[in-house]
Amino acid sequence: MKPLIALTLLIVCTGAFATCKTPVVSQVNSDTSLKTYSPLRNMSTGQILLMPPTGGENFTDRKIAKKLCRRGLEVHVLNYPQPSGLTLDLNVHERITRMVLKSVSDFMMQHQKKTVLLGASLGGIYASLIYSLAMDANPDYPSFAPIKGLVTSVAGGPLADILVYSKIEEAIQQRRMRLGSGVYQNRADYREQLDRAILTDPLRLARKSDAVLSYISLNDEKVPTRTQFKLARAHGAKMRFIRVLGHPTSVLYTYFTQGDEIAYFAKKILSRD
């Protein structure tokens with residue numbers, strides 16, 4: 001077979017350059033919107049739910065959504081509420097998490113198909129938590145049942161460690177405000193009280209599975225590398241290491257260069273009975 005013919009057949013069979021429809025924006029609920037990327041010819045009966053790092057999509061989310069769509073996968077980008085956590089109230093983290101869980105639950109009730117979750121940074125942390133709740137068949141979230149796989153980039157846990165040690169600017173401001181309030185004896189006391197306040201922690205609820213793929217930055221100070229290892233190991237994840245890049249550039253690396261592996265992994269999970 002001539003090389004050009006072989007390459008053409010490979011592209012057709014894998015959906016590597018499938019044509020995508022114009023993205024469609026819809027409303028999940030009053031706080032949550034959705035942008036859907038659908039291929040003209042689906043290569044899978046399932047779907048990808050993409051959780052952006054800050055609640056609203058950015059150019060990296062659009063890049064990976066288009067890339068996966070061109071490989072024959074339907075991709076939904078969830079734009080969910082993510083209010084500021086700059087407050088002395090430690091319970092704010094649990095309240096924000098519950099808001100995100102409701103957004104995903106409402107989405108899943110409207111789109112009951114086999115689903116692989118994809119998320120980077122905080123989006124990956126939420127995705128990890130949601131996947132574990134799905135594996136546990138948590139009675140509070142029955143709509144999570146079709147969720148079958150998880151792909152994360154630079155996601156870590158426990159959340160208390162990230163809030164205490166992260167060098168993300170908002171986390172630094174939050175930490176200074178809280179530690180300067182006189183409420184906590186020291187950083188260890190602050191961390192302990194955070195851990196008590198955060199009930200739905202991704203590491204505490206993590207479950208082992210052969211349907212998890214994690215990209216880990218070995219040079220990350222924003223979601224500290226050790227927290228990424230903890231979460232990936234708790235899931236029994238297939239791990240891929242990003243050796244020289246920091247936090248934001250690791251997200252770029254994952255979404256701009258690893259689309260083929262993510263698409264292959266997702267299709268494999270979605271093809272299971």
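Is Arg196 buried or exposed? At 58% relative accessibility, Arg196 counts as exposed, where exposed means over 50% relative accessible area, buried under 20%, and partly exposed in between (1.4 Å probe, protein chains only).

These legends describe a predicted model, in which local features need pLDDT of at least 70, side-chain atom pairs count only at pLDDT 80 or more, and totals for chains, interfaces and linings use all residues. Residues are numbered from 1 along each chain as its sequence is written, and side-chain values use heavy atoms, with hydrogens and water left out.

**View A. Arg196 and Glu192 pair up within helix α7.** A salt bridge (a side-chain nitrogen of Lys or Arg within 4 Å of a carboxyl oxygen of Asp or Glu) joins Arg196 to Glu192, with 2.6 Å between the closest N and O atoms. Both residues belong to helix α7 (residues 187–197) and sit four residues apart, about one turn of the helix. Helices (H or I, at least four residues) and strands (E, at least two) are DSSP runs, numbered from the N terminus. Glu192 counts as partly exposed at 39% relative accessibility.

View B. Asp106 is buried, with a relative accessible area of 11%, whereas Lys102 is partly exposed at 47%.

**View C. Glu221 and Lys167 form a salt bridge.** The closest N and O atoms of this pair are 3.6 Å apart. Glu221 lies in the loop between β7 (212–217) and α9 (225–235) and Lys167 in the loop between α5 (159–165) and α6 (169–179), so the pair ties together parts that are 54 residues apart in sequence. Lys167 is partly exposed, with a relative accessible area of 47%.

**View D. Salt bridges link five residues into a network: Asp161, Arg191, Asp195, Arg204 and Lys230.** For context, a search of the whole structure finds 15 salt bridges.

**View E. A patch of positive charge on the surface gathers Arg62, Lys63, Lys66 and Arg70.** Patches are made of residues with over 30% relative accessible area and no salt bridge; like charges are joined within 9 Å, and nonpolar side chains (Val, Leu, Ile, Met, Phe, Trp, Tyr) within 5 Å. Arg70 is found in helix α2 (residues 59–70) and is partly exposed, with a relative accessible area of 30%.

Methods:
Areas by Shrake-Rupley, 256 points an atom, 1.4 Å probe, with all protein chains shown as cover. Lys, Arg positive; Asp, Glu negative; His and termini not counted. Charge placed at Lys NZ, Arg CZ, Asp CG, Glu CD.
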